[in-house]
Amino acid sequence: MNVRNEQMAQKIERATLGDPLRFAIAGDSGAWADPTGDAIFGELVRQVAEVNPLFFVNLGDFAGPGTLDRHETYLRLVEPLTIPNICVVGNHDLDDPSGRAVWERVHGPMNFEFGLGHTRFVAIHAASRPGRHDRRDEPEAVEGPREEDLEFLDSALSRAEEPNRVVLMHMPPYLGGRYAPHENWGFGHDEPEFLRILHDHRVKLVCCAHGLAFDEHVHDGIRFVMSGGGGSGLCSHLRGICTEGEGTPEDRGAVFHFVEMTIARSGSISGRVVQAFADPRMSRYQFGD
């Protein structure tokens with residue numbers, strides 16, 4: 001097999017960029033083998049193709065438990081995409097003892113970067129502990145990026161000449177328990193160092209998954225967009241987005257979806273949520289600067 005991420009990144013870097021830059025994200029499409037999940041993700045692939053962004057990013061947990069046959073299944077599912085599509089590693093993609101070796105054989109390094117016009121993208125490993133993450137650990141015990149992942153992130157961002165910087169990763173940081181009642185969807189171990197790196201290098205957008213829902217919010221000037229509704233399952237604790245909660249619209253919710261992200265040359269960021277099986281021209285929820 002070819003090392004896909006490198007090839008796809010090269011295609012992205014050769015793309016013709018207009019303004020704004022449009023790309024699509026989704027995650028948690030195949031944390032385990034499930035024909036229903038595959039059908040949902042297959043529909044999302046069709047919708048992404050119709051929207052036709054510059055590229056698509058799967059934010060992890062798409063080939064669980066990480067065996068070669070599961071990666072081959074995923075690659076068949078994304079065959080309809082004519083745009084470049086890259087993969088970020090998730091914890092369930094490393095469940096099998098062969099997971100790391102298979103990942104490197106199929107996709108290449110878990111940490112990589114690419115640029116397009118005014119924006120630099122850095123993808124990092126953020127899934128140190130394979131398996132389920134539903135134990136009630138203290139935040140500091142929940143691990144995400146390893147030391148070498150943070151070093152790669154810091155180095156890549158320090159070299160970046162583009163004014164806009166985006167981090168792609170599977171697991172988000174803890175952020176004060178933002179993801180309650182599943183606070184441990186976010187890592188607390190090395191969170192201060194991770195956030196310091198983002199601030200030092202003026203990162204304004206982090207795209208992640210891991211949580212089985214959609215969530216979007218701005219934390220200390222950095223926008224975090226979670227897209228974990230790719231087909232594996234949904235969190236039953238969160239209501240659907242665009243419902244009313246204490247008089248204001250919800251900005252999170254359990255819905256199968258992908259997110260179309262837009263970054264303008266000026267650095268303004270916006271996005272819209274497209275629900276599975278809906279008209280992809282319609283948005284379930286919109287957000288942005």
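Here are some friendly questions and answers about this predicted model.

User: Which residues of helix H6 are buried, and how wide is the arc they fall within?
Analyst: Helix H6 runs over residues 191-200, and its buried residues are Glu191, Phe194, Leu195, Ile197 and Leu198. Seen down the axis, these buried residues line one face of H6, because they fall within an arc of 155°.

User: What covers the buried residues of H6?
Analyst: Both helix and strand take part in the cover. The helix is H5 (147-159), and the strands include S6 (164-168) and S7 (205-208). Also included in the cover are strands S8 (214-219) and S9 (222-227).

User: How far apart in space are Ser155 and Ile197?
Analyst: Ser155 is found in helix H5, while Ile197 is one of the buried residues of H6. Ser155 counts as partly exposed, because its relative accessibility is 31%. The two residues are 42 apart in sequence, and from C-alpha to C-alpha the distance between Ser155 and Ile197 is 9.6 Å.

User: Which residues of helix H4 are buried, and what arc do they cover?
Analyst: The buried residues in H4 are Gly99, Val102, Trp103 and Val106. They sit on the same side of H4, because around the axis they cover an arc of only 100°.

User: What covers the buried residues of H4?
Analyst: We can look at the cover, then at what comes just after the helix. Just after H4, Gly108 takes a positive phi of about 95°. The cover over the buried residues of H4 includes H1, H3 and S3.

User: Which elements do the buried residues of helix H3 pack against?
Analyst: Start with the residues themselves: Arg70, His71, Thr73, Tyr74 and Leu75 are the buried ones in H3. Their partners include both helices and strands. They pack against helices H1 (4-13), H2 (35-51) and H4 (99-106), and against strands S2 (56-58) and S3 (85-87).

User: How many cavities of 30 Å³ or more are there, and how much space lies in the largest?
Analyst: Rolling a probe the size of a water molecule over the atoms shows where empty space is left. A search of the whole structure finds 2 cavities of 30 Å³ or more.

User: Which element gives the most to the lining of the largest cavity?
Analyst: The lining residues include Asn164, Arg165, Val166, Arg202, Leu205 and Ile269. By class, the lining divides into 5 nonpolar, 2 polar and 3 charged residues. With 3 residues, the element that gives the most is S6.

User: Which helix gives the largest share of the lining of the second largest cavity?
Analyst: This cavity has a volume of about 30 Å³. Its lining is made of Ser29, Gly30, Asp38, Phe62, Arg70, Thr73, Tyr74 and Leu77, with 3 nonpolar, 3 polar and 2 charged residues. The largest share, 4 residues, comes from helix H3.

User: Where are the peptide bonds from Gly64 to Pro65 and from Ala180 to Pro181, and what is the omega of each?
Analyst: Most residues other than glycine have a negative phi, and most peptide bonds are trans. These two bonds are cis. Pro65 lies in the loop between S2 and H3, and Pro181 lies in the loop between S6 and H6. Omega is near 10° from Gly64 to Pro65, and from Ala180 to Pro181 omega is near 15°.

User: Is Asp28 buried or exposed?
Analyst: Asp28 is found in the loop between strand S1 (21-26) and H2. Its phi is positive, near 55°. With a relative accessibility of 2%, which is under the 20% cut-off, Asp28 counts as buried.

Methods
Residues numbered from 1 in each chain as written. Predicted model: local features only at pLDDT ≥ 70, side-chain atom pairs only at ≥ 80, totals over all residues. Heavy atoms only, no water. Buried < 20%, exposed > 50% of the residue type's maximum accessible area, 1.4 Å probe, protein only. Helix = DSSP H or I, 4+ residues; strand = E, 2+ residues; numbered from the N terminus. Arc of directions from axis to C-beta. Contact = heavy atoms within 4.5 Å. 1 Å grid on protein atoms, 1.4 Å probe; cavity = no way out; pocket = protein on both sides within 12 Å on 5 of 7 lines; lining within 4 Å. Points joined across faces, edges and corners; volume = space filled by probe spheres on them. Nonpolar A, V, L, I, M, F, W, Y, C, P; charged D, E, K, R; others polar.
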